[in-house]
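This report covers backbone geometry in one model.

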Amino acid sequence: MANKAVATAVRIGGVLFFIGAVTVWRVRKMMRAWQNTYPLAETFITLPELHITVERMSTGQIHILWTIDADSVTICAGTNPRDFPREMAVVTDAKEVTFDDPFPNHRTYYQLQAYKNGVRVETAVSAERIIHLKGAFNFRDLGGYPTTDGKNVRWGTLFRSANLGGLTDEDILYVSELGIKLVCDLRSAEEVAERPDRLPSPAPNVLMLPIFDPSNPFVRLARVFSNFEQVDAIMLKGYAEVVIEENAAAFGRIFHHLLDASNLPAVIHCTAGKDRAGIASALILLALGVPEEIVLQDYSLSNMFFSSFREVMDKTITPIKRFGITVDDLRPLLTASPAVMKGALVYIYDRYGSLEGYLERAGVTADDLARLKLLLLED
């Protein structure tokens, strides 16, 4: 009974703190439209400069460009990242090519064989990074990123996404072809209950790993509204003290499940696929040896889906709109700032000495990391 009374008092205190902070914020808002001074989400996007880039044009055609030093390139396509029918070959002596999608409505991978003076000098695989689904956003393949030891992350093996509760029947057919064996769901029980995932049949293994924030939600918002000029610092504090510090064991469980080859391919997701899934993805990519610069660039790609974040948040904040708050007032919270992720990584390095030091706390050993590389990096 006493515990319930304490919890009620804490919640009431948080609400009062929130109301006070919002009152101050509304006065300041009348004096200065602060949200217009925060950079637009798209200004944070930095596309990784990769050896090969595959993108879908507005016409639906596929555009591939590369920086390989070669006289000619043969491009083969397939729906399996390790199987490329020769009959789909495109041969060119240019540095880029555009052609009709060879497998419409299917996930397609492309193999490039580069030749110089008649000798094959390189063979590489690539694909579209963004997977366009009708009922889910921010669904991305983490493949193709180079590592410091000259390898690349396997395509079609590890994905990241926002929630999968809105997948259409067509999406489910598409996702089923990805062969997903494991879904790591980082949402809270409340988020899952509100929008349970729609998954292919037979259903993949689902690992529920809520990355939680134990603080009062009204206190969290109050801190934001009372310190708008330091919103990035507040986000960093949440990343470092809550997501990273309080949830090492959860991240460790993700790593250990990925060490089981029967769980691959896998997808890691939260509600927006930006923060919780973003940190999990960053930890994995860094552990594989992907340079930090590219990891930050990958994180920035979430800003391509700002409009989707905005739509979800607009529904979420309905209970507090009566205080005069609009979704556009929360723009900084919907933006993936690489500076915040960089700060989170610096926090790990400063507190634990290295990424490996943090992962050791999470229960991930050097042997585990060696096996992870065997499973997730190309030979």
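Is Asn105 buried or exposed? Asn105 is exposed, at a relative accessible area of 59%. Here exposed means over 50% relative accessible area, buried under 20%, and partly exposed in between, with a 1.4 Å probe and protein chains only.

## Basis of the values

The model is predicted: local features need pLDDT of at least 70, side-chain atom pairs count only at pLDDT 80 or more, and totals for chains, interfaces and linings use all residues. Residues are numbered from 1 along each chain as its sequence is written, and side-chain values use heavy atoms, with hydrogens and water left out.

Helices (H or I, at least four residues) and strands (E, at least two) are DSSP runs, numbered from the N terminus.

Asn105 is not a glycine, yet its phi is positive, at about 70°. The residue sits in the loop between strand 5 (96-99) and strand 6 (109-116).

Asn117 is also a residue other than glycine with a positive phi, near 55°. The loop that holds Asn117 runs between strand 6 and strand 7 (119-127). Asn117 is exposed, with a relative accessible area of 69%.

## Cis peptide bonds

Which residues does the cis peptide bond with omega of about 0° join? The bond joins Ser201 and Pro202. Pro202 belongs to the loop between helix 3 (189-194) and strand 11 (205-208).

From Leu264 to Pro265 the peptide bond is cis, and omega is near 0°. Pro265 is in the loop between helix 6 (248-258) and strand 12 (266-269).
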